[in-house]
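Hi everyone, thanks for coming. Let me put the sequence and the structure up, and then we can walk through a few features together.

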Amino acid sequence: MSDIIELNVGGTYFTTTAATLQMDPDSMLARLMGAEALGVTRDAGGRLFIDRDALLFRHVLNFLRDGVLRLPKDFAEVPQLLAEARFFHLAGMIKGIQAAFPVESVAPDVASVDLITTALRNTLTNSLREAQRKVDYLFSSSWGRLAEELLRQAGLGLRTFELELVGRSEPEGRLDGGRLYTKSEVTPSFLHEVKAFLSSKGLAVEISEQKSSLLLSW
């Protein structure tokens, strides 16, 4: 593979090197340079096509080039950029954003979890990019992180996800694997409240009171 790589990100062209894209070996961009690149989408000019926001992608690319995050103090699209860092699996960039901006203090827009069901449906009908766009702006909230994880599970062909609720924990809303941390005490009534909420969003939910968990399916 040539060391010079041309990308088409949302209709905007970028030129970089394979070494830059491989700066984080665990990232999605690094995987594009490996064996997984065989199935990637290319535009009419042969460029690797990535259906993401080009204005935000320049920050992603600059982070890979420099190894540090350089953003103005009044940068207004922090949640959106955090969503991009999570989409590309850039752990260093995620930490840099969270250290520089109080994104985790953004209050969750729990009503927007309605988009989880739409996202999953689109994923299962091979419209992953459209599904991803529908939940991008939610990623700074606990429900957004749950939406992201359900998307990932659905993208792997899975149709169930066990969510364990861990009570009396800080910070509120942290999602770690299959565990969602909450300040509330996880009582049977609390489990049923969460079940009712997620069921109203189109997910099938079964409760395991013994394990303080919910089995979600779609």
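Let me start with a question: does T16 count as buried or exposed? At 6% relative accessibility, T16 counts as buried, because the cut-off for buried is under 20% relative accessible area, with exposed over 50% and partly exposed in between (1.4 Å probe, protein chains only).

Before we go on, a word on the ground rules. This is a predicted model, where local features need pLDDT of at least 70 and side-chain atom pairs count only at pLDDT 80 or more, while totals for chains, interfaces and linings use all residues. Residues are numbered from 1 along each chain as its sequence is written, and side-chain values use heavy atoms, with hydrogens and water left out.

Back to T16, which sits in strand β2. Leaving aside neighbours within four places in sequence, T16 is in contact (heavy atoms within 4.5 Å) with D3, I4, I5, L7, L21, L61 and R65.

Helices (H or I, at least four residues) and strands (E, at least two) are DSSP runs, numbered from the N terminus, and two strands pair if DSSP finds at least two bridges between them. Three strands make an open sheet of mixed pairing, ordered β2-β1-β3. At the edges are β2 (12-17) and β3 (48-50), each pairing on one side only. On average, neighbouring strands here are turned by 30° against each other, direction ignored. Strand β1 (residues 4-9) pairs with β2 in the antiparallel sense, over six bridges. As an example, L7 has F14 in β2 as its bridge partner.

What lies across β1 and β2? That is helix α3 (residues 54-66), running at about 5° to β2. For these angles, axes are lines fitted to C-alpha atoms, for helices over the stretch in contact, and angles run from 0 to 180 degrees between N-to-C directions.

Next, please look at helix α5 (residues 91-100), whose buried residues are M93, I94 and I97. They span an arc of only 105° around the axis, so they are on the same side of α5; the arc is that of the directions from the helix axis to the C-beta atoms. K95 and A99, on the other side of α5, are exposed. The cover over the buried residues of α5 includes α3 and α4 (78-87).

Finally, the whole chain: nine helices and eight strands, with buried residues making up 44% of the 218 residues. Thanks, and I'm happy to chat!
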